[in-house]
Amino acid sequence: MPEKKLSYYLKPILLLLIFAVTALLTRQFFYQLKHMNEADASSGIEKIKAFERVILNHFPLSPYTKNAVDKILIECEGLSKTDEKLYCYETLRSSLIQIKSFYQPYEDTIKKINPKIAELRAESMISWEYNNLTKKDFERIYTAQLALLNYNNAPSQLWSAVTVFSLIGWISTIIFLIMKGFTKNQNRRYIVTGILIYLVFFLLWLCGLYFA
Amino acid sequence: MKQQAESPVIIPFSIIAFIILFLFYLFSLNPILPTGDAGGLITASYLLGTAHPPGYPLYSELGKLFTFLPFGNIGYRVSLLPCFFSVLTLFLVYLIVRKLTEKNSIFPIIAVLFLGVSYSFYFQTIIGKFYPINALIVLLLVFIGIKVIDSGFEKRYAYLSSFLLGVSTGLHHTALFMTIPLFILGLFYFKAFVRSLPLSLLFFFIGFSVNLHVYIRNLKDAFLAVRKAGETPSFLDILLRKFYKEGESLQAVTTTLSTFEGFHNAIKNFLYMIDANFGYVTAVFFILGLFYLYRKSRRVLLFLFVSFLMFSLVLAKITFSGEIRDNEGSLYIVGNQYFIPAFCLYVIFMTAGIYFFVEKIKKMKLFYKTLPLFFIVIPLIFIPMRFSQTGQSNNWALYYYSKDVLSTLPVSSVLNTYGDNKSFGIWYTKLVGRYRDDVCHLVVFRYEATQWNMEGCKPETIYKNFYPEVYRNDIVELINKRLYYSTIGLSEIHPYFESFDTLPYSLVYIYFPKGKITEKERKFVNGLNINNERFITPSYCLNHGTDDPLTFSVCRFVSIAYLNIASSIEPEKKFGTFALDTTIRYGNTHEPFRVKINIGKENEYYMDLYEKIRRYNAREKAFLLP
C-alpha cells in the first residue's frame with residue numbers, strides 16, 4: 001500500500017479538532033449557565049461561590065464571565081464585615097488567577113483588588129488580639145501583604161512554552177529519525193537532519209527548564 | 001480466515017462511537033480539583049515542578065501545555081490531559097483489534113466500547129491522573145510488537161520501543177514491564193536483535209533524559225512535592241522512589257517477587273477487578289480469544305499473553321497481594337489504577353474471542369448479523385449508570401474543602417497538613433489559585449513527622465516577614481498567638497503530644513500549650529466555630545454525585561466540622577445528647593476524637609447536616625467495594 005501523505009490526514013484531524021473545541025465550548029457554556037442560575041437563586045456567601053463557579057468555567061469572550069466578575073465586585077462592596085469582604089475579594093482574585101492561560105483575563109481587576117485585599121488582611125491582623133499589633137503597624141503589614149499579593153509564583157510563560165514545545169519537538173524528532181532513518185536501507189540524510197534538529201530542540205528544552 | 005467485506009456504515013459508526021465516548025468523558029470530568037494525587041500533579045504541572053516520586057516529569061510538561069488552553073480553570077485543563085490520552089488509548093485498542101480480527105471494523109468498536117465504559121478506565125479518565133498516558137505508551141509498545149511479528153524484525157522497531165520505554169520512565173515505572181515481552185519477542189529474531197542492542201540502549205537513554213526535568217527544576221528550587229525543610233532529595237532518590245522506603249521501585253519488585261507468599265491473593269484480587277469491570281462471563285470470550293490467537297499466530301499470542309501476565313499477575317503480586325476485598329484504599333489506590341494496561345489487553349483478547357465465536361456461527365445468519373450489534377449495545381447501557389454514579393462533573397468537594405479550611409483561618413496563620421487529599425488540595429488552592437496566600441502551609445509526610453515540606457511558604461524572603469518562627473522550626477510562639485492550625489490531632493505516638501493540647505476547630509485543630517486549655521480557650525474556640533460556619537460549603541458533600549471513596553473521605557471530614565460547630569452551641573433546652581469517642585484513622589494516623597453534644601433547637605440543624613453528609617458519603621457506596 002503506498003504511504004499516505006500528511007495532507008490526507010489533515011482534513012479529518014482538522015474536523016476532529018473543530019469538533020473537540022466546539023464540544024469544550026458547549027460544555028463551558030452549559031456549566032456557566034447552570035451556575036449563573038444558581039447565583040440568581042442564592043444570596044450572601046453562597047451567591048459569591050456560585051459566581052466563582054461561573055468564572056471558573058470561563059471561555060473566551062463569554063458574557064457570563066464578565067457578568068459574574070461585575071456582580072461579585074458589587075457583592076464585595078456591599079459586604080460590611082471585614083472577614084466576609086476579605087473572603088469575597090480573595091475568591092474573585094483566586095478564580096481569576098485560575099483562569100489564566102497564556103494571558104491573564106481581567107488583569108486590571110486583579111490589580112485593582114490587590115490593594116483592597118492587602119488592606120483587609122492588615123486590618124484583620126491588627127484586630128487579632130493575640131498578635132499584639134496596633135494601628136501604627138498598619139503600613140508595614142499592608143506593604144508586606146501587597147508584596148505577597150503582587151508576587152508571581154508561576155514560571156515564565158515564554159520559557160514554559162519553549163520547554164513544552166521543545167519537549168514535543170525532540171520526542172517527535174527522535175521518532176521521525178528512527179522511523180525514517182533506520183529503514184531497511186539506512187537513510188543517512190534523515191539521520192543527520194534528525195540528529196541536528198533533535199539537538200536544537202533538546203538544547204532549547206534544557207534552556208527552557210532552566211530559565212522558566 | 002477470510003476477510004469479511006467491510007460495511008459502508010462501519011467507518012461513520014466507529015467515528016460516532018468515539019464521539020460518544022469523548023463527550024461522555026468531557027461531561028464527566030471533574031470541574032476543578034479531583035481527589036488523591038491529582039492536586040499535586042496539577043500544581044506540579046502549573047509550576048513546572050516535580051510531583052511526588054518518581055516525579056512524573058512527562059506529565060508535568062504535558063500538563064503545563066494544557067494549562068495554556070484558554071477555557072475553564074487550570075485544574076480542569078490539566079484534567080483534560082488524561083481524557084485526551086484515554087481517547088488515544090482507545091484508538092490504539094481499535095487499531096490492535098482491527099489488526100487481529102482481519103480488519104473487520106465492527107469488532108474493534110466492541111473492544112473500544114467495552115473498555116471505554118469499564119469502571120476503572122472511565123474512573124481514571126476523569127480524575128486528572130497519569131494512568132491513561134501510561135496505558136497509551138504500553139499499548140504503543142504492544143502495537144510495535146505486533147508490527148515486528150507482522151513484518152519481521154526491523155531494527156527501527158527495536159529502537160522505537162527502547163526510546164518509548166525510556167520516555168515511559170517520565171511517568172509510571174510499570175510501563176517498564178513491557179521490557180520482558182519485548183525481550184522474548186526479540187529472541188525469535190536473535191541475531192538481528194542482539195545487533196540492535198547497542199543503539200537500542202542509546203535510544204533508551206535518550207528517552208530517559210526526559211527525567212532531566214527533575215534535576216534541572218530542582219536546581220532552580222521549583223516546586224518539589226517531597227522536599228523537606230533543609231533537605232532536598234537527590235535526583236536518583238526521587239526517580240527510584242526511595243522516599244517511600246519499602247515501596248521503593250527496585251526493592252518492591254525484588255522482595256515481592258522473591259517469594260510465592262500472597263500469590264493466591266494476587267490472583268483472587270485481580271480476578272475480582274476483572275469481574276467488577278467486565279463481569280466473569282466475559283472470561284469465556286477471553287479464553288476463546290487465546291484459542292483464536294493460538295491458531296492465528298503463536299508469536300502474537302505469546303507476546304500478548306506475556307504482556308498481559310506482566311500487567312496482571314506479576315503486577316498484582318507486587319502491589320495487590322494482601323487480603324483487601326473490603327479495603328477501599330487498596331481497591332481504589334492499587335486495583336483501580338495500576339491495572340489499566342491489563343484491562344486494555346484483556347479487552348483485546350476478549351474481543352478476539354467474540355470475533356472467533358461470531359465467525360464460528362456464520363451459518364446461523366440471523367445470529368451472525370445481530371450478535372456483534374448485541375455486543376455493541378451492552379456497554380452502551382452502562383453509560384448513564386457511570387455518568388450518574390461515578391461521574392465527577394459536579395464534584396467540587398475537595399476544592400471547597402481546601403478553600404473552606406483556608407477561609408476559616410486567621411490572616412497570616414500557619415496550617416500544617418498530612419495526607420494526600422488534604423495537602424494536595426491545599427497546594428492547588430493556595431499555590432495555583434493563590435487563594436489566601438497569606439497562610440503558610442506546611443506539609444508532613446508521616447503522621448508523627450515534624451520536618452515540614454515548605455512549598456506552601458515560598459518564597460522565604462516574603463514569608464519570613466510574617467513567620468520568622470517557622471523558619472526556626474519553633475511553633476511555640478505561633479501557638480501562643482493562636483496562629484498554628486493543623487489537620488493533625490495529637491495522640492501518644494506524636495512527638496508534640498507531650499508539649500501541646502488540641503481542640504477541634506471547624507475543619508482543623510487549634511493547638512495550645514500543654515495543660516493550658518481553660519474555659520476561656522474553649523469559649524474562644526466556640527466563638528470561632530460559630531462565627532466561621534458561614535464559610536463552609538456543605539452542599540457539595542450532598543450532591544457531588546460520585547462514588548469516589550476519596551471524595552467520601554473528604555466529606556466525612558466536612559461532617560466532623562458540623563459536629564464541632566454543634567458542640568460549640570449550648571442549647572437552652574436540650575432534647576437529646578450525642579456522644580462520640582472514636583479514633584480517626586487514615587494512613588498511619590490515629591487521632592483520638594471525643595465529643596459530647598447537647599442537642600437542642602439551636603444546633604439541631606448542624607447535627608442534621610452531620611447525619612446527612614455521613615449518609616450521603618457512606619463508604620459502602622463505592623462501586624468496587626463488595
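pLDDT is the predictor's confidence in each residue, from 0 to 100. Helices (H or I, at least four residues) and strands (E, at least two) are DSSP runs, numbered from the N terminus. Chain A as a whole has a mean pLDDT of 93, and 97% of its residues reach 70 or more.

This is a predicted model: local features need pLDDT of at least 70, side-chain atom pairs count only at pLDDT 80 or more, and totals for chains, interfaces and linings use all residues. Residues are numbered from 1 along each chain as its sequence is written, while chains are lettered from A and ligands numbered from 1 in the order in which they are written.

| Domain | Residues |
|---|---|
| Domain 1 of chain A | 8-153 |
| Domain 2 of chain A | 158-211 |

Their centres, taken over C-alpha atoms, are 40 Å apart.

Chain B holds an open sheet of six strands with mixed pairing, in the order β3-β2-β1-β4-β6-β5. Two strands pair if DSSP finds at least two bridges between them. The edge strands, β3 (453-456) and β5 (500-505) of chain B, each pair on one side only. Strand β2 (residues 440-444) of chain B pairs with β3(B) in the antiparallel sense over two bridges. His441(B) has Gly456(B) in β3(B) as its bridge partner.

Helix α1 (residues 10-26) of chain B packs against helix α5 (residues 106-117) of chain B at about 10°, with the axes 10 Å apart. Axes are lines fitted to C-alpha atoms, for helices over the stretch in contact, and angles run from 0 to 180 degrees between N-to-C directions. So α1(B) is roughly parallel to α5(B) (angles under 35 degrees count as such). Residues are in contact if their C-beta atoms, placed from the backbone, lie within 7 Å. On the α1(B) side, the contact includes Phe13(B) and Leu21(B); on the α5(B) side, Ile109(B) and Leu113(B) are among the residues.

The two chains also meet. Chain B gives 55 residues to the contact and chain A 53. On the side of chain B that touches chain A, α8(B) gives the most, with six residues.

Terms used
Domain bounds come from an automatic or database domain assignment. Angles under 35 degrees count as roughly parallel, over 145 as roughly antiparallel, 65 to 115 as roughly perpendicular and the rest as oblique. Two residues are in contact if their C-beta atoms, placed from the backbone, lie within 7 Å.
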